[in-house]
Amino acid sequence: MKVLLAGANGYIGTRLIPVLLEKGHDVICLVRDKRRFHEHSDFSKQVTLITGDLLKESKIEAFPEDLDAAYYLVHSMAQAQDFGALEALSAYNFIHALDKTNCRQTIFLSGITNDGNLSRHLESRRHVEDVLKEGKAALTVLRAAIIIGSGSASFEIIRDLTEKLPVMTVPKWVNTKCQPIGIRDVLGYLEGVLLNEKSFNKTFDIGGPDILTFREMLLGYAKVRKLKRYIITIPFLSPKISSYWLYFVTSTSYTLAQSLVNSMKNETIMHNHSIDDVVSRKCLTYEECLELAFVKIEQNSIVSSWKDAFNQGYLNPGFMDQIKVPQNGTQEYKVKMPFERPANEVFTNVLSIGGNRGWYYWDWIWNIRGFLDKIFGGVGSRRGRTSNINISPGDVIDFWRVLLADRENKRLLLYAEMKLPGEAWLEFKIIERQGKQSLSQVATFRPNGLWGRLYWYAMWPFHLVIFNGMAREIVNYKE
C-alpha cells in the first residue's frame with residue numbers, strides 16, 4: 001500500500017517508518033526539509049520524500065494521487081501559546097491537500113478526552129479530530145493517554161523528577177488517574193488499523209493494562225530504579241506555580257510544562273475498549289515499558305526524542321540554510337589548538353560534547369549558565385542529548401541545536417537556543433595543513449543592539465578561560 005506520513009521527523013513518526021517498511025508498504029514522508037531527513041533517518045533511501053509546511057498551504061508539495069492511506073502525526077503543543085489555532089490550521093491544510101488524492105483512510109493519534117472540562121491541549125486534540133472528519137477519506141482516531149518510551153516527553157519528565165528529587169513536594173494533580181501505554185503498543189495499534197475497514201470512521205481509546213495516578217507512576221519508576229523517594233502533596237499550588245515547578249526541575253519548556261499541567265487535571269482512562277475487536281493486542285505493563293526504555297538508553301539506541309522538535313522563537317525550521325556562519329556585524333572568539341594524535345579520535349570527542357560527557361572544562365559554569373537561562377524563560381541545559389554516540393542536524397545538545405555534523409570534513413556547527421541579546425554559533429573543525437593538525441574552535445555572536453554588545457564584552461573574560469580550556473581538553477581527552 002502507498003502510505004503518506006505527516007510528521008515523519010517527529011517522535012512517533014520516526015519510529016513508525018520502519019514498522020511500515022517491514023510490512024512492505026510504500027512510504028511517502030511529508031517533511032519541511034529533505035536535508036534534515038536524509039541526515040537524521042537511516043531509512044531516507046527507502047522512502048519517498050515530499051516537502052511542505054502545513055502552516056503555509058502554498059508551500060505544500062502536491063501529494064501523490066494514488067495514496068491508499070495517510071497518517072497525521074503533527075502536533076504544535078510545544079511550539080507556541082496559540083497552539084490550538086496552529087493545530088487547526090495545520091489539519092485544515094493537510095485535509096485540503098489530501099482531498100485531491102484517492103486516499104481511503106486518514107489515521108490520527110489523539111489524546112483520551114473522556115473527562116469533562118477539558119484542558120486547552122485536550123480541547124485542541126478534539127478540535128483537530130473534527131477538522132480531519134471533514135476530509136473525504138474515512139477517519140480513524142486513536143486516543144492515547146501518557147506514552148511511555150525512551151525519549152518520550154512523559155517518560156523524560158518522570159525520569160527527571162524521580163532521579164533528581166529524593167523528596168518531592170507536588171501539586172494535587174499527582175492523584176489524577178491515567179492509563180499509560182508503551183510506545184511499542186502505540187506503534188502496533190497505528191499499524192493494525194491501517195486500511196482495516198473495521199476501523200473506518202471510528203474512534204478508539206488505547207491504553208496499557210495499568211490504571212495509575214501520577215504519584216504511583218513516579219513511585220513505580222523509583223521502584224524499578226531501586227530509589228527511595230518521598231512525595232508530599234501540597235493542595236494549594238496553582239497551575240501556574242506547578243508549571244514553573246515542572247519547568248525548572250525537568251528538561252521541558254515552559255510552554256509544554258504549562259500544557260501538561262493543565263491537562264493533568266483530566267483523568268485519561270479508557271472508556272471505550274472496542275479497539276480489542278479491531279486489533280487484538282496484549283499491551284505491556286507500565287513497569288515493562290520502563291524496563292524496555294532503560295534497555296534502549298543503556299544501548300544508546302534511542303530512535304527519537306521529543307526534544308528534537310523545534311521551539312518556535314529559537315530556530316527557524318529552515319535551519320539547514322544557516323550552515324554558513326554570518327560574517328558581517330558579528331563578534332568572534334577563536335581558539336586554534338594543535339594536536340598530534342589521530343584526527344578521528346579528536347573529532348569523536350567533538351561529536352560527544354554535551355549530555356553525559358559534558359563540556360570538558362568548567363562544567364559547573366555551563367550549568368550555572370543553563371540555570372540562568374531557565375530563570376529568564378529559556379530552554380536551560382537539562383535537555384541533554386538524544387544519543388551519547390550519534391549526532392545529526394536538528395538534534396539537541398543541552399541549550400544548543402545541531403546545524404551541521406559533517407564527519408567527512410570533520411566539522412560540527414551549533415546554534416544557541418538559550419536566551420541571548422543576539423544570536424550565537426559555536427563551530428568546531430579539524431584543520432590539517434602541511435602535515436600538521438589542529439582543532440579550530442570559533443564562537444560567533446551577532447549582537448542585538450547596545451545590550452548585545454555589552455553582553456559580549458561582559459562575557460569576554462569567561463570566554464578567554466572557558467573556550468581555551470575546552471579546546472585543550474577536547475584534543476587531550478581519552479576514555
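These legends cover close-up views of a predicted model.

**View 1. An open sheet of 7 strands.** The strand order is β3-β2-β1-β4-β5-β6-β11, and the pairing is parallel. β3 (48-51) and β11 (202-206) stand at the edges. Each has a single partner strand, so one side of each is left without a neighbour in the sheet. Neighbouring strands are turned by 20° against each other on average, direction ignored.

**View 2. The pairing of β4 with β5.** Strand β4 spans residues 69-72, and strand β5 spans residues 105-111. The two run parallel and are joined by 4 bridges. A69 stands opposite Q105 of β5.

**View 3. Helices α1 and α4 against the sheet strands.** Helix α1 (residues 11-22) lies across β1 (2-6), β2 (26-31), β4 and β5. Its direction is at about 170° to β1. Helix α4 (residues 120-133) lies across β4, β5 and β6 (138-144). Helix α4 runs at about 170° to β5.

**View 4. R229, a buried charge without a salt bridge.** R229 sits in the loop between α7 (214-224) and β13 (230-233). The nearest side chain of opposite charge is E163, 5.3 Å away.

**View 5. Polar and other contacts of R229.** Polar atoms of the R229 side chain lie close to two backbone oxygens: that of T162 at 2.5 Å, and that of L165 at 3.2 Å. Leaving out residues up to four places away in sequence, R229 touches T162, E163, L165, P166, M168, L219 and A222.

Key:
Residues numbered from 1 in each chain as written. Predicted model: local features only at pLDDT ≥ 70, side-chain atom pairs only at ≥ 80, totals over all residues. Heavy atoms only, no water. Pairing = 2+ DSSP bridges. Axes fitted to C-alpha atoms, helices over the stretch in contact; angles between N-to-C directions. Contact = heavy atoms within 4.5 Å. Buried < 20%, exposed > 50% of the residue type's maximum accessible area, 1.4 Å probe, protein only. Lys, Arg positive; Asp, Glu negative; His and termini not counted. Salt bridge = Lys/Arg side-chain N within 4 Å of Asp/Glu carboxyl O. Polar contact = N/O pair within 3.5 Å; in protein donor to acceptor, adjacent residues only side chain to side chain.
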